[in-house]
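This report concerns domain packing, ligand surroundings and backbone geometry. The sequence and the structure are shown first.

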Amino acid sequence: MAQLIIKNLYHKFGATEILADINFSLAQGKVISIVGPSGSGKTTLLHLCGNLLEIVDGEVDNSFSSQAFAFQDARLLPWQTALDNIAFGLKGGGVAKKQRHKLATKMAFKLGLNNDDLAKFPKDLSGGMRQRVAFARALVIKPELMFLDEPFSALDIGLKQELQHLLMGLVVNEKLSIFFITHDLAEAIKISDEILVLDADPGRIVKQIVLDRPRESRDEDYIFNTTRQLLQDPQIISTFELNFKKK
Ligand SMILES: Nc1ncnc2c1ncn2[C@@H]1O[C@H](COP(=O)(O)OP(=O)(O)OP(=O)(O)O)[C@@H](O)[C@H]1O
Ligand SMILES: [Mg+2]
């Protein structure tokens, strides 16, 4: 079975240490979330795991056959229509143009886009639509592994839930694996099999939380109570700098 295995990963930019002693693995059909304060190295870790950044020390062993990315901003090609943006990833796979457009359209419809939207250039789409296009572009190649860097943070709650639902469907039905970065502990509790809490200077994993309860039975109460419980944990408090002094 495909997996991503990270061993003793270390990273620095110039003389500044960014990540140290990072060890974890992500198996097929699982969701791992990384939470931690701003600047703790989450995006850097994603870039290293996704082979977007050269490794300084340690190992990234990735045996998934395909991977895709979605970031906080959609990062679309401004000179191409929404349809061509979605079809773009299939070009490298040698899929003929007609078939590329067919697959891209099908995926776009699944994400709630219509033919009018598909003919538009990114500048003429709303932020939410651009993010749908970015998701369609990532999903159309049917990746085994998805790297998501706070992809929902600019979205309204309805669209966020819709996309979460779609992704969770793929995790269950297609055994998609997800490496997910979020600032939102409740969101991580909702969708993950495991949460890694990163502390800063340099970024280290200070806590590893395994969520045993099946995803489908994590109701509002469970998410609320687990979030509350975790927010009382001294390590999580210090990681999120929640230790405000009481007057
Ligand atoms: N290309 C780079 N060159 C130099 N320093 C960098 C580079 N990329 C990131 N950094 C630094 O590395 C540290 C970690 O950055 P990173 O973007 O990984 O944090 P993050 O946890 O994703 O933060 P946020 O939650 O704000 O997105 C920061 O101090 C940042 O300034
Ligand atoms: Mg980041």
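How many residues of domain 1 are in contact with how many residues of domain 2? In this predicted model, 11 residues of domain 1 are in contact with eight residues of domain 2.

**Domain arrangement**

The chain is divided into two parts: domain 1 comprises 1–66 + 147–230, and domain 2 comprises 80–142. Taken over C-alpha atoms, the centres of domain 1 and domain 2 are separated by 26 Å. The size of an interface is often expressed as the accessible area lost when the parts come together. Between domain 1 and domain 2 the buried area is about 820 Å², and carbon and sulfur atoms give 76% of this area. On the side of domain 1, Leu159, Leu163 and Leu166 supply 44% of the area buried against domain 2, more than any other three residues.

**Ligand surroundings**

Among the residues surrounding ligand 1 are Phe13, Ile18 and Pro37, together with Ser38, Gly39, Ser40 and Gly41. The surroundings also include Lys42, Thr43, Thr44, Glu150 and His183. Helix H1 (residues 42–49) contributes the largest share of this shell, three residues.

| Residue | Protein atom | Distance to an oxygen atom of ligand 1 |
|---|---|---|
| Ser40 | backbone N or O | 3.2 Å |
| Thr44 | polar side-chain atom | 2.6 Å |
| His183 | polar side-chain atom | 3.3 Å |

Taken alone, ligand 1 exposes 630 Å², of which the protein buries 54%.

**Backbone geometry**

Most residues other than glycine have a negative phi, and most peptide bonds are trans. Which residues are joined by a cis peptide bond? The cis bond joins Asp201 and Pro202, with omega at about -15 degrees. Pro202 is placed in the loop between strand S8 (194–199) and strand S9 (204–210), and Asp201 lies in the loop between S8 and S9. Asp201 also has a positive phi, near 60 degrees, in a residue other than glycine.

Asn8 likewise has a positive phi, near 45 degrees. Asn8 is located in strand S1 (residues 3–13), whereas Asp201 is a loop residue.

Conventions:
Residues numbered from 1 in each chain as written. Chains lettered and ligands numbered in written order. Predicted model: local features only at pLDDT ≥ 70, side-chain atom pairs only at ≥ 80, totals over all residues. Heavy atoms only, no water. Near = heavy atom within 4 Å. Polar contact = N/O pair within 3.5 Å; in protein donor to acceptor, adjacent residues only side chain to side chain. Areas by Shrake-Rupley, 256 points an atom, 1.4 Å probe, with all protein chains shown as cover. Helix = DSSP H or I, 4+ residues; strand = E, 2+ residues; numbered from the N terminus. Domains from an automatic or database assignment. Contact = heavy atoms within 4.5 Å. Buried area = accessible area lost by both parts, 1.4 Å probe.
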